[in-house]
Amino acid sequence: MDYNKLTSEEERVILHKGTEAPYTGEYLNNKREGVYVCRRCNAPLYNSSDKFDSHCGWPSFDDEIKGAVTRVPDADGMRTEIICNNCGAHLGHVFLNEGFTDKETRHCVNSISLKFIPEQNKMIKKAYFASGCFWGTEYYFMKAKGVAHTSVGFMGGHVDNPSYEQVCQKNTGHLETTEVEYDISKTSYEDLVKLFFETHDFTQTNGQGPDIGPQYLSCIFYADENEKEIAEKYIKTLENKGYKVATMLKQLSTFWKAEDYHQQYYEHKGTSPYCHVYKKIF
C-alpha cells in the first residue's frame, strides 16, 4: 500500500509511537466542521461533532468513526494505545470513565497524526493580512465576530514552502501572514480590513513595534478587484485623517502555512500580544 510521505517529526510520532508536546498541536483548538483523517494513509478516523475540549493539551474525541480505530495494550503495560485500523499509524491513547462526556471516553490524539478535511461551506471565504508578527495579528482576528478559523504562515516570497527559520533570515521575500476564514453571513471583508488597521501601526515602515525586518511589514493581500477597492478606500480614509499609511497592497499568492507551534500561539500561551494593541479608528 502506498502511504503519504512523512517528515522526520511525523515519523517519530506516527511510526515510532512518540508524543507531540502538549498545547502545540495544530488541531487542539480547531472548531471547524469536517472530518479528521489519518496523516499516513488518509483513512477517515474522527468526525468533528465528536471532538471536545478536555483541557489536556491534545485534541480529544469521545467517539471514532466505526471501525476506524483499533485499541491495543500500550508497551508501558498500563495505558491503551489507539492506532489507525487501516495502516497501524500511532494516534495516541484512549481513556475511559473520566466524566468529560456522556460517552465516558476520551481519545487523546496527536494532531500530527491527523489531517483535517473541512466541510465545504459556501458562506466561508478567506482573507489574508500581514501586520507584523503573525502571532499578534492572529490574536485579534481569531476573536473577531464571524471568524470561523485562522492560520498563520507566509506569503509574497520567492521560496516554496519556507520554514520560519528561513523567513527570519530576511531573504526569502515572505511576509508573516494570517489567513482568516470568515462567514459572510456574520461579518464582511470590510469589517476585517477595519480591524486590520485598528490593531497595528500601519504607519511604521520598517516592521512592527520592536520587530524589525522585511517579514514584518504591513500588507493586505487581495484576491480580486473588489477586495483591492475596499482596501484602497480605507487607506484613503486614513490619509484624509492625516495618517501616512505604509501598508502595501499585493495580489494574493501562495499561502505557506507555518509550523504547528506557531498556530494560535497566544491561545496556547494564555497571554496577549506585546506588539499589537487595539485602537478604534473608524
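What we are looking at is a predicted model, in which local features need pLDDT of at least 70 and side-chain atom pairs count only at pLDDT 80 or more, while totals for chains, interfaces and linings use all residues. Residues are numbered from 1 along each chain as its sequence is written, and side-chain values use heavy atoms, with hydrogens and water left out.

Let me begin with helix H2, residues 134–141, where helices (H or I, at least four residues) and strands (E, at least two) are DSSP runs numbered from the N terminus. Eight of its eight residues are buried, so H2 is largely enclosed by the rest of the structure; buried means under 20% relative accessible area, exposed over 50%, and partly exposed in between, with a 1.4 Å probe and protein chains only.

Turning to salt bridges, each is a side-chain nitrogen of Lys or Arg within 4 Å of a carboxyl oxygen of Asp or Glu, and a search of the whole structure finds 14 of them. In one of these, Glu-9 pairs with Arg-12, their closest N and O atoms being 2.8 Å apart, and both residues lie in helix H1, three residues apart, about one turn of the helix. An α-helix has 3.6 residues a turn, so residues three or four places apart point the same way.

Another salt bridge joins Glu-26 and Arg-39, with closest N and O atoms 3.9 Å apart. Glu-26 counts as buried at 10% relative accessibility, and Arg-39 is likewise buried, at 15%.
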